[in-house]
Amino acid sequence: MRVLGLDVGDKKIGVAVSDELGLIAQGIGVITRQDLKQDLKKIEELIQQYNVGKVILGLPRNMNGTLGPQGEAVKKFGEALKQNSGIELGYWDERLSTVEAERSLIDADMSRRKRKGVIDKVAAVLILQGYLNYRCHVDTE
């Protein structure tokens, strides 16, 4: 079963998908936000295309662990996705994932302009890979 990872922002949604074994996350793109109906439609198309069984949304938390306005917006988006598609959902703490993505891209000597176009996709990969690593560790105990 493949897992889809989403980094949901106000303007863009970074998208990653796992391999069929659920071990490795790969970035597949960025969705430019339009409206909720169109955003959900694009994600549902990806769910069908990649035969996804579960969606993991990055949940932005404050450094003290509480949910702020962006975290609440992601939860609301997740509820709409679940209601619309019936897909199984999960959330993964994404604190500092964008910072880590930025650092990785800088280390790869990518220009600021190019980083801007892929940072959301890289953040989605980090979110999904974190979840996959955790799931593998928990399943082996």
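1. The accessible surface of the chain comes to about 8300 Å², and 49% of that area belongs to carbon and sulfur atoms; the areas come from the Shrake-Rupley method with a 1.4 Å probe, and for residues only the protein chains shown count as cover. This is a predicted model, in which local features need pLDDT of at least 70 and side-chain atom pairs count only at pLDDT 80 or more, while totals for chains, interfaces and linings use all residues. Residues are numbered from 1 along each chain as its sequence is written, and side-chain values use heavy atoms, with hydrogens and water left out.

2. On the overall fold, the chain has 4 helices and 5 strands, where helices (H or I, at least four residues) and strands (E, at least two) are DSSP runs numbered from the N terminus. Read from the N terminus on, the elements follow the order β-β-β-α-β-α-β-α-α. The radius of gyration is 14 Å, close to the 14 Å that the globule rule gives for 141 residues, so the chain is as compact as a globular protein of that length; the radius is taken over C-alpha atoms, and the rule is 2.2 Å times the number of residues to the power 0.38. Along its principal axes the C-alpha trace spans about 40 × 40 × 35 Å.

3. Among contacts between residues at least 6 apart in sequence, 61% join residues at least 24 apart, a contact being heavy atoms within 4.5 Å.

4. On charge, the chain carries 21 positive and 20 negative side chains, and the centres of the two sets lie 6 Å apart. Lys and Arg count as positive and Asp and Glu as negative, with His and the chain ends not counted, and each charge is placed at NZ of Lys, CZ of Arg, CG of Asp or CD of Glu. Side chains of opposite charge can pair when their charged atoms come close. A search of the whole structure finds 3 salt bridges, each defined as a side-chain nitrogen of Lys or Arg within 4 Å of a carboxyl oxygen of Asp or Glu.

5. One of these salt bridges joins E20 and R2, with the closest N and O atoms 3.5 Å apart. Because E20 lies in the loop between β2 (12–18) and β3 (25–32) and R2 in strand β1 (residues 2–8), the pair ties together parts that are 18 residues apart in sequence. E20 is itself exposed, at a relative accessible area of 56%.

6. A salt bridge also forms between E88 and K54, where the closest N and O atoms are 3.5 Å apart. Here E88 belongs to strand β5 (residues 88–93) and K54 to strand β4 (residues 52–59), so the pair ties together parts that are 34 residues apart in sequence. E88 is partly exposed, with a relative accessible area of 43%, whereas K54 counts as buried at 13% relative accessibility.

7. In the pair R33 and D39, the side chains meet in a salt bridge at 2.6 Å, N to O. D39 is buried, with a relative accessible area of 1%, while R33 is partly exposed, with a relative accessible area of 23%.

8. Helix α4 (residues 112–140) holds D120, which deserves a separate remark. D120 is buried yet has no salt bridge, and the nearest side chain of opposite charge, K12, is 4.5 Å away. Leaving aside neighbours within four places in sequence, D120 is in contact with D7, K12, G14 and V30.

9. K121 is also placed in helix α4 and is partly exposed, with a relative accessible area of 26%. Not counting residues up to four places away in sequence, K121 touches G14, V15, G27, I28, G29 and V30. K121 and M110 are 11 residues apart in sequence and 14 Å apart in space, C-alpha to C-alpha.

10. Most residues other than glycine have a negative phi. Phi of N51, however, is near 55°, a positive value in a residue other than glycine. N51 is placed in the loop between α1 (36–49) and β4, and N51 is exposed, with a relative accessible area of 62%.

11. Finally, E45 lies in helix α1 and is partly exposed, with a relative accessible area of 46%. E45 and A73 are 28 residues apart in sequence and 22 Å apart in space, C-alpha to C-alpha.

Definitions and conventions: Buried means under 20% relative accessible area, exposed over 50%, partly exposed in between (1.4 Å probe, protein chains only).
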